[in-house]
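Subject: Structure handover

Hello,

Please look at the model first and read the notes against it.

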Amino acid sequence: SQLGLGNDGMFSLTLDPADPDTIWGGTYNGLVKSVDGGKTWADSSKGMPKEQWPFSVAIDETDTNILYVVTKNGQNKGFCDRNEFCGVVMKSIDGGKNWTKIMAGLSEMSEYYCLVIHPLKPKTLFVNGTTGVYVSHDAGATWNPLVDGLPTSFNPVRDNVAQNLILSTDKKSLYLGLHGFGAWRLDLAAF
């Protein structure tokens, strides 16, 4: 059965690990949240630039008030070369009520697709986008390119609707798909 939102396009759905009735949705119209299992939805984009397309939401399982979202700038129908920035990585520390950019070390001329929180070290984050793969060891305050163990110093991702950065089921490895270089696995013990 259909659950709210009419015919808005959905990029992502994320369930809150502490509350199965709380669902986050990335849409063509920004980030939305449901607290009743999807029956009703409310905008949750306060602090985000307008017209963002949220491709993924990551929730810190040790503190579900901490969330991260990665986006593409949907202005001008999402054409990056027609916009002043291409996408953002954002963080909320109040359960999604307010969002702030966490872009130190990241290019604003990149779209961002997936963000993964290290399962044993929640301050360690991984994000990928059109300008490469990045790691943060300080909960997103700063980012550095992730190149160790990868094929080149520039490892872009292409395809804004794919789940191309995931944890293994045993949560010991990070898998990622790279444009022109196939699939790669990184041992999370190294991080």
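Cys 114 is buried, because its relative accessibility is 1%; buried stands for under 20% relative accessible area, exposed for over 50%, and partly exposed for the range in between, with a 1.4 Å probe and protein chains only. The model is a predicted one, in which local features need pLDDT of at least 70 and side-chain atom pairs count only at pLDDT 80 or more, while totals for chains, interfaces and linings use all residues. Residues are numbered from 1 along each chain as its sequence is written, and side-chain values use heavy atoms, with hydrogens and water left out.

Cysteines

The sulfur of Cys 114 has its closest cysteine sulfur in Cys 86, 17 Å away, which is too far for a bond. A disulfide is taken here as a pair of cysteine sulfur atoms within 2.5 Å, and by this rule the count comes to one. That disulfide joins Cys 80 to Cys 86, with an S to S distance of 1.6 Å. The link of Cys 80 and Cys 86 is right-handed, with 55° about the S-S bond.

Helices (H or I, at least four residues) and strands (E, at least two) are DSSP runs, numbered from the N terminus. Two strands are called paired if DSSP finds at least two bridges between them. Four strands form an open sheet in the order S9-S10-S11-S12, with antiparallel pairing. S9 and strand S12 (144-145) stand at the edges with a single partner strand each, so one side of each is left without a neighbour in the sheet. S9 and S10 pair in the antiparallel sense over five bridges. Across this pairing, Cys 114 stands opposite Asn 128 in S10, and Leu 115 stands opposite Val 127 in S10. S9 is mostly covered, with six of its six residues buried.

The loop between strand S11 (132-136) and S12 holds Ala 141. Ala 141 is partly exposed, since its relative accessible area is 47%. Contact means heavy atoms within 4.5 Å; not counting residues up to four places away in sequence, Ala 141 touches Ala 104 and Ser 136. Ala 141 and Thr 131 are 10 residues apart in sequence and 19 Å apart in space, C-alpha to C-alpha.

Nonpolar cores

A nonpolar core is a set of buried Ala, Val, Leu, Ile, Met, Phe, Trp, Tyr and Cys residues joined through side-chain atoms within 4.5 Å. Which members of the largest nonpolar core touch the most other members? They are Tyr 68, Val 89, Leu 106, Leu 115, Val 127 and Trp 143, out of 27 residues. The elements that give two or more residues to this core are strands S5 (52-59), S6 (67-73), S7 (89-92), S9 (112-117) and S10 (125-129). S6 supplies the largest share of this core, four residues. Leu 106 touches Val 89, Tyr 112, Val 127, Tyr 134 and Trp 143, again not counting residues up to four places away in sequence. A second, separate core has 18 residues, including Phe 55, Val 116, Leu 146 and Leu 186.

Salt bridges

A salt bridge is counted when a side-chain nitrogen of Lys or Arg lies within 4 Å of a carboxyl oxygen of Asp or Glu. A search of the whole structure finds two. In one of them the side chains of Glu 111 and Lys 72 meet at 3.4 Å, N to O. This pair links distant parts of the chain, 39 residues apart: Glu 111 is in the loop between strand S8 (100-101) and S9, and Lys 72 is in strand S6. Both Glu 111 and Lys 72 are buried. Lys 101 forms a salt bridge with Glu 108, where the closest N and O atoms are 3.9 Å apart. Lys 101 is partly exposed, with a relative accessible area of 41%, and Glu 108 is partly exposed at 35%.

Whole chain

The chain has zero helices and 15 strands. Buried residues make up 48% of its 191 residues. Along its principal axes the C-alpha trace spans about 45 × 40 × 30 Å.

Regards
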